[in-house]
Amino acid sequence: LEKVITIVLTALKKIREEEFDDRKCSAMAAAALEVQCKLADILATTEFEAKHAKNELEFVIGERAIEIRKTAEPLKASGKVTEGQIEAMVNKDPEIKEKKLELEKTERVFKKWYYLSSSMKEAHIFFRGLEKNKNSF
């Protein structure tokens, strides 16, 4: 996968530097499409991992909120503990912080692959456009 990505990026650089052989337009369009196809599985996996991490975080937040509410119930009845304070206690919990970080990391990985896939889609369209312009003269 990395090799094909590098090929497409190198071709784009050569276009920018005006050193590209326009006879390779179809091959570069195909390479960009190949990358998109290969990324489909990676995207599906990383999206699943991000959704799973989000669900896990929500579950742990719910569990922790229930525990804190039970502990704080006597104080809450007297008005000494507010919902905002309970929420703050939940957010300060080390396990919650860890799960949030895990979610951020999995979302970052997903977005990286998603943006690369989107860029390869644009590269595919770009190379197809070059091919059409080359053949119209």
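Helices (H or I, at least four residues) are DSSP runs, numbered from the N terminus. T46 lies in one of them, helix α2 (residues 25-77). This is a predicted model, in which local features need pLDDT of at least 70 and side-chain atom pairs count only at pLDDT 80 or more, while totals for chains, interfaces and linings use all residues. Residues are numbered from 1 along each chain as its sequence is written, and side-chain values use heavy atoms, with hydrogens and water left out.

T46 is buried at 6% relative accessible area (buried is under 20%, exposed over 50%, partly exposed in between; 1.4 Å probe, protein chains only). Beyond its neighbours within four places in sequence, T46 is in contact with T106, V109, F110 and W113 (contact: heavy atoms within 4.5 Å).

The whole structure holds eight salt bridges, each a side-chain nitrogen of Lys or Arg within 4 Å of a carboxyl oxygen of Asp or Glu. Two of them are tabulated here.

| Pair | N to O distance |
|---|---|
| E34 and K38 | 3.0 Å |
| E47 and K51 | 3.7 Å |

E34 and K38 are four residues apart in helix α2, about one helical turn. E47 and K51 also lie four residues apart in helix α2; E47 is partly exposed at 34%, whereas K51 is exposed at 52%. A further salt bridge joins E67 and R64, and R64, E67, D93 and E95 form a network of salt bridges.

Zero disulfides are counted, a disulfide being a pair of cysteine sulfur atoms within 2.5 Å. The sulfur of C25 lies 19 Å from the closest cysteine sulfur, in C37, so the gap is too far for a bond. C25 is buried at 1%; C37 is exposed at 54%.

How values were computed:
Helix = DSSP H or I, 4+ residues; strand = E, 2+ residues; numbered from the N terminus.
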